[in-house]
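Please keep the sequence and the structure in view while reading the points below.

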Amino acid sequence: MSSLWSLRPVLTSLLQASQHASVWTAPVLSRSMATLNQMHRMGKPKMPPKSVGPTFNRPQMKAVILKTMIRKPKKPNSANRKCAQVRLSNGKEVVVFIPGEGHNLQEHNVVLVQGGRTQDLPGIKLTVVRGKYDCSHVVKKKQ
């Protein structure tokens, strides 16, 4: 009988711990480290490649205009969106959107391009920065 009284603090602590444990928690199992044979067979763990944005992880890029064009937007919208095909400073050719009303861009002009998707133009993920290099600011209308 005296041996049960000596075990009483241990039993009460176990009882309290089991009451606080959640039903959803799994038992704590330690996962053993990979063996040398497993590491040799599997090789070095591959890290997923970092995703690069439309400007290749740069805020802006310089580009040269190859040709200007007009694109039609997706279904519910109807307009003529001014776009240009440009060659970026890293050699890639992409289509960019020219924001604002009216522009002065033509072939061989140098522009600054930034990331910014145009919602209703599929595949166009870059926009021209107005007022930089050969692209003029948007002209205010005279009243």
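Arg-87 is partly exposed, with a relative accessible area of 38%; buried means under 20% relative accessible area, exposed over 50%, and partly exposed in between, with a 1.4 Å probe and protein chains only. The structure is a predicted model, in which local features need pLDDT of at least 70 and side-chain atom pairs count only at pLDDT 80 or more, while totals for chains, interfaces and linings use all residues. Residues are numbered from 1 along each chain as its sequence is written, and side-chain values use heavy atoms, with hydrogens and water left out.

**Salt bridges**

- The side chain of Arg-87 forms a salt bridge with that of Glu-93, at 2.7 Å from N to O; a salt bridge is a side-chain nitrogen of Lys or Arg within 4 Å of a carboxyl oxygen of Asp or Glu.
- Glu-93 is partly exposed as well, at 42% relative accessibility.
- By this rule, the count of salt bridges is two.
- Arg-81 and Asp-120 also meet in a salt bridge through their side chains, at 2.5 Å from N to O.
- This pair links distant parts of the chain, 39 residues apart: Arg-81 is in strand S2 (residues 81-88), and Asp-120 is in the loop between strand S4 (110-115) and strand S5 (126-128).
- Arg-81 is partly exposed, with a relative accessible area of 21%, whereas Asp-120 is buried, with a value of 10%.

**Overall organisation**

- The protein chain contains two helices and five strands; helices (H or I, at least four residues) and strands (E, at least two) are DSSP runs, numbered from the N terminus.
- Along the sequence, these elements follow the pattern α-α-β-β-β-β-β.
- Of the 143 residues of the protein chain, 20% count as buried.
- The protein chain exposes about 12000 Å², and carbon and sulfur atoms supply 57% of this area; accessible areas come from the Shrake-Rupley method with a 1.4 Å probe, and for residues only the protein chains shown count as cover.
- Among contacts in the protein chain with a separation of 6 or more, 52% come from residues 24 or more positions apart; contact means heavy atoms within 4.5 Å.

**The barrel**

- Five strands close into a barrel in the order S1-S2-S3-S5-S4, with mixed pairing; two strands pair if DSSP finds at least two bridges between them.
- On average, neighbouring strands of this sheet are turned by 50° against each other, direction ignored; the axes are lines fitted to C-alpha atoms, for helices over the stretch in contact, and angles run from 0 to 180 degrees between N-to-C directions.
- S2 pairs with strand S3 (residues 93-97) in the antiparallel sense over five bridges, and Val-86 stands opposite Val-94 in S3.
- S1 and S4 are also antiparallel partners, over five bridges, and Ala-63 stands opposite Val-111 in S4.
- S4 and S5 run antiparallel and are joined by three bridges, with Val-113 opposite Val-128 in S5.
- In a regular strand, side chains alternate between the two faces of the sheet.

**Nonpolar cores**

- The largest nonpolar core has 14 residues, of which Val-86, Val-96, Leu-105, Val-111 and Val-128 touch the most other members; a nonpolar core is a set of buried Ala, Val, Leu, Ile, Met, Phe, Trp, Tyr and Cys residues joined through side-chain atoms within 4.5 Å.
- At least two residues of this core come from each of S1, S2, S4 and S5.
- Another core, of six residues, lies apart from it and includes Val-95, Phe-97, Leu-121 and Ile-124.
- Beyond its neighbours within four places in sequence, Val-86 is in contact with residues including Ala-63, Ile-65, Val-94 and Val-96.

**Lys-62 and its surroundings**

- Lys-62 is in strand S1 (residues 60-71) and is partly exposed, with a relative accessible area of 43%.
- Lys-62 and Val-110 are 48 residues apart along the chain, and their C-alpha atoms are separated by 7.1 Å.
- Leaving aside neighbours within four places in sequence, the contacts of Lys-62 include Arg-87, Val-110 and Tyr-133.

**Positive phi values**

- Tyr-133, in the segment after S5, has a phi near 55°, a positive value in a residue other than glycine.
- Phe-56, in the loop between helix H2 (36-42) and S1, has a positive phi too, near 60°.
- Both residues are partly exposed: Tyr-133 has a relative accessible area of 44%, and Phe-56 has one of 29%.
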